[in-house]
Amino acid sequence: MKSLIISAFLAICSIISGRTQTKSVTILDKSDNNPLFGVNVRHDDKGYFTDLDGKFLLDISNFPISLTISYVGYRTIIVTYPNESSVPSSISLVGLDITLDQVTVTGSKYEQNITKSTVSIDILKPDLLRSVNASGSDKILNKIPGVQVLDGQANIRGGSGYSYGAGSRVMLLIDDVPALQPDAGFPNWGDIPIENLSQIEVLKGAASTLYGSAALNGIINFRSSYATSTPETRFSAASTVFLSPKDVAKKWWKDTLRYENNFSFVHKQKFGKLDLITSGLYNKLQGFNQFTNESRGRGNVNVRYRVTDRLTAQLGVLANFNKNNSFFLWANPGSGAMKPLSGTVSDKKSQRIYVDPSLTYLDKHDNKHRLLTRTIFVDNKNNTNQSNKSLNQYTEYQFQKNIDKLRLILTTGAVGAWTKVDSEILGDTTFRSANYAWYLQADKTVNDNFTLAAGVRYEYVQQNSPEVFMNVKIPEGQVSDGQLISRLAANYKTSEYSAIRASFGQGYRYPTLTERFVTTTFGAFSIFANPTLRPETGWSSELGYKQGVALGGFKGFVDISGFISEYEDMIEFTFVFEPGRLGFQPQNVGNTRISGYEASIIGQMNIFGAPVNIMAGYTYINPVYKNYDTSEAIRNSVSEPVNVLKYRSKHQAKIDAEAKIGNFKWGVSVQRVSHVINIDKAFESVPPVGIDLFGIGQYRDFNADGYTLVDSRISFMTGKFTITALINNIFNSEYTLRPALIEAPRNIGLRLDYKLN
């Protein structure tokens, strides 16, 4: 009786004093029982986050209690407990199905299941990078349906052609932060730490409202992986040997070996509140094309420190050192196809350093604040008067609010980016540019099946230059421009893993400093500046259906979509022939339209008990000039009398399949790409005499069927080692992606991967 009186007294005192009764609960990974840090637990209007031991204190003053528990990479669960005794001491979360439950952040700037996305997004996992022995990030992108990397420049669904290393309509991101070289708008694929990726996300279509002007055609986001509760160390070493070309007359080497070697490592580990990731790569290339060699080293350190359960600080440092040479035009299409035309070889040395501090803070109302910054130092030295130095600064503040009662997520932010560049190809003087933007996106869940997304962005660009450049007067040496753009999209869920999506997005891209002021030569041609170049604007729309399938041994997605994009004042390098001038100049060529459709399948199936991973797709595009009939200049600039945009293939079909049988994996990859109908006419008929000076027209006439590439690989896993043998371009197809540059002949490779723990 005495104990009952004491208990009652303590309970009354607790109520009077307003103290809350709590119970410690631990969140675990069901697969290994490791505690999970930072799990979000919501109860009514309260929110909790687990500590380093996976624990949180649950308010148990009132019952029943309903908890929503969510964590990136795990299934979200909702649990209800009727009384205190029913609350367990630990709760286990189940990891997402890697085939059906893929998570992306690129389309919305928050974690979202891919089936709920309102735009087309493809996801590649790092296992494929290792399986195909990709020495650079651009090598793997060509396996994605609708994506082509042409001499270093990314092209999604025909949105871009070939622009001589300047300007990009595809935004390159590393961990959600832009990584294009701002002065030229060019992606440096060698800067991306592919040895430490969690996944690659490719968004197809205009995404300028969230990511700015260079995202007119899409986004490629390389997302790094983080340390887990178990330390991880990986090493890899690989060697590739290039064999003789199909036409042995083109083989210029005799007793030497043409090869590519690379070595990489990554180490990830937690030290209390600190996560540490270090990685590095060394690559040595002795190319199959003469004077196409490279020595490249890259190092990356990333630390993440949890100041509190709600505040995380992060710092990344990446350095890339490169020495290489290359040529622009072959000597001739015969025995000189793998040799350079005199005067077109360039020797380069480059240093690029990225410094990326960032902060993420969740306030007491669970609003997310992010401060993302990136400083890029670039120093390129070149023997052909094309050296440049630049300092580039990017800063973004992002605020995200989840209004549960309205089932609404608001994402807004402000961006500032500044560039200072001193370049020989820009008149050997100093240029500055500034870019400012504000954006707002709202994602509204109308009901359990219907989601709407709408966004706006205002972007302002300012470029400073000399007041007179190449006899063109620029008032006060400054130009500026601003544009308001918007997007609207919807997703309707037809079943758990199936949905219909529709999207419309406007795009805007201001020409880069290089596009406006580039002045350089390569062989017989020059590239001329155009300070009066105007910005591109446009829009992109898509209607698509993604169907999740888990039937008859297959588990994955089938995706079908139709799309159309239009551009006004599209910028293309156009041939210029005037007295004293022979070469190319970036010009606004008019209005264009690119329409088409795409069908793809990705998933896993069982064949005679063996799991087989499949990624396949077919893309058709119809890229045309809207003013082809009325513009004599356009008709005279293309190589064929057909209304097709330059440097586009209308048809692309791709498949990559990999089967696992015991300790063996066997993979096959096939790419079929149709002939590029139009290139610059001047390459085939060089003015003023109109002859095929470089043999490009003759070569294209004999190779007018496109190309087919077949690669194969086989891996053997034993303990901590994986050994992979590869043969690429099995049938030794000879092909070019852009004029006068032969691509790799048949080559064989061997790769060794070692996972320490």
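Let me begin with a term: two strands are said to pair if DSSP finds at least two bridges between them. Please keep in mind throughout that what we are looking at is a predicted model.

With that term in hand, look at strand S11, residues 147-150, and strand S12, residues 153-156, which pair in the antiparallel sense over four bridges. In general, strands of a sheet pair through backbone hydrogen bonds, and they may do so either parallel or antiparallel. Together S11 and S12 make a hairpin with two residues between them, and in that turn aspartate 151 has a positive phi of about 50°.

Strand S1, residues 22-29, pairs with S7 in the parallel sense, over four bridges, and here leucine 28 stands opposite serine 92 in S7.

Next, two loop residues. Arginine 407 sits in the loop between strand S24, 388-403, and strand S25, 408-423, and it has a positive phi of about 50° although it is not a glycine. Is arginine 407 exposed or partly exposed? Its relative accessibility is 38%, so it counts as partly exposed. Glutamate 476, in turn, is found in the loop between strand S29, 472-473, and strand S30, 478-495; its phi is also positive, near 60°, in a residue other than glycine. Glutamate 476 counts as exposed because its relative accessibility is 69%, and the cut-off for that word is over 50%.

Finally, let us turn to the surface, where Trp438, Leu440, Tyr458 and Leu484 form a nonpolar patch that has about 390 Å² of accessible area together. One of these residues, leucine 440, has its place in strand S26, residues 429-445. Why can leucine 440 be called partly exposed? Its relative accessible area is 32%, and that word applies between the limits of 20% and 50%.

Conventions: Residues numbered from 1 in each chain as written. Predicted model: local features only at pLDDT ≥ 70, side-chain atom pairs only at ≥ 80, totals over all residues. Heavy atoms only, no water. Patch = residues over 30% accessible without salt bridge, like charges linked within 9 Å, V, L, I, M, F, W, Y side chains within 5 Å. Areas by Shrake-Rupley, 256 points an atom, 1.4 Å probe, with all protein chains shown as cover. Salt bridge = Lys/Arg side-chain N within 4 Å of Asp/Glu carboxyl O. Buried < 20%, exposed > 50% of the residue type's maximum accessible area, 1.4 Å probe, protein only.
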